Amino acid sequence: MNIVAGVMMMTGRGSLRINLMQAKVVQKNLSPKGRVRKKRSKDRASWNAELEKPLVDLLHEHNTPQCKGQNGLSSDAWNKVVKRFQASHLYVTYTKGQIQDKKKELKRVYTMLKEARK
């Protein structure tokens, strides 16, 4: 008895059918370049203006020389931003990466608007 993709089947060891099913499972997890994709439960976070404003305030508050690293905010500063954001918004759980992605998006939009005003 073999279990493939959560389905129990009665097949012999080394059976052609089981080998094909295992190949399909592996094929589903391959990216176009042939590497195995990581499964992510929450890739994208949904943001609204009520969440963006406090995030911008926190980022502005941590925009000091003590919090700066070589390329932007230090890791400790990011951890503090994430903890304070999560403490003030208990109904959402965003990861550090999701908050960093939102900061990049906000910065990109700000730059575009600044250029459009010129």
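Colleague: Axes are lines fitted to C-alpha atoms, for helices over the stretch in contact, and angles run from 0 to 180 degrees between N-to-C directions. With that settled, at what angle do α2 and α3 pack?

Modeller: The angle is about 145 degrees, and the axes of α2 and α3 lie 10 Å apart. Helices (H or I, at least four residues) and strands (E, at least two) are DSSP runs, numbered from the N terminus. This is a predicted model, in which local features need pLDDT of at least 70 and side-chain atom pairs count only at pLDDT 80 or more, while totals for chains, interfaces and linings use all residues. Residues are numbered from 1 along each chain as its sequence is written, and side-chain values use heavy atoms, with hydrogens and water left out.

Colleague: Is the crossing of α2 and α3 left-handed or right-handed?

Modeller: α2 passes α3 in a right-handed crossing. The term applies if the near helix is turned clockwise from the far one by less than a right angle, and left-handed if anticlockwise.

Colleague: Which residues make the contact?

Modeller: From α2 they are Leu51, Leu55, Leu58, Leu59 and Glu61, and from α3 they are Trp78, Val81, Arg84 and Phe85. Contact means heavy atoms within 4.5 Å. By class, the residues of this contact divide into seven nonpolar, no polar and two charged. Ala, Val, Leu, Ile, Met, Phe, Trp, Tyr, Cys and Pro count as nonpolar, Asp, Glu, Lys and Arg as charged, and the others, Gly among them, as polar.

Colleague: Which residues of α2 are buried?

Modeller: They are Leu51, Leu55, Leu58 and Leu59. These cover an arc of only 95 degrees around the axis, which puts them on the same side of α2. The arc is that of the directions from the helix axis to the C-beta atoms, and buried means under 20% relative accessible area, exposed over 50%, partly exposed in between (1.4 Å probe, protein chains only). On the other side of α2, the exposed residues are Ala49, Glu50, Lys53 and His60.

Colleague: What do the buried residues of α2 pack against?

Modeller: They pack against β4 (72–73), α3 and α4.

Colleague: Turning to α4, what span should its 22 residues have?

Modeller: At 1.5 Å a residue, helix α4 (residues 96–117) should span 32 Å, and its end C-alpha atoms are 32 Å apart, which agrees. The expected span is 1.5 Å times one less than the number of residues.

Colleague: Which residues of α4 are buried, and what covers them?

Modeller: Gln98, Ile99 and Lys102 are the buried residues of α4. Seen down the axis, they fall within an arc of 95 degrees, so they line one face of the helix. Their cover includes α2 (49–61) and α3 (75–88). The face turned away from the buried side carries the exposed residues Lys104 and Lys107.

Colleague: Now the loops: where is Trp47, and what does it touch?

Modeller: Trp47 sits in the loop between α1 (16–28) and α2, and counts as buried at 18% relative accessibility. Not counting residues up to four places away in sequence, Trp47 touches Glu52, Leu55, Phe85, Tyr94, Gln98, Ile99 and Lys102. Trp47 and Ile99 are 52 residues apart in sequence, with their C-alpha atoms 10.0 Å apart in space.

Colleague: And His89, is that residue buried or exposed?

Modeller: His89, in the loop between α3 and α4, counts as buried at 8% relative accessibility. Leaving aside neighbours within four places in sequence, His89 is in contact with Glu50, Leu51 and Pro54.

Colleague: Finally, how do the elements of the protein run from the N terminus?

Modeller: The order is β-β-α-α-β-β-α-α.
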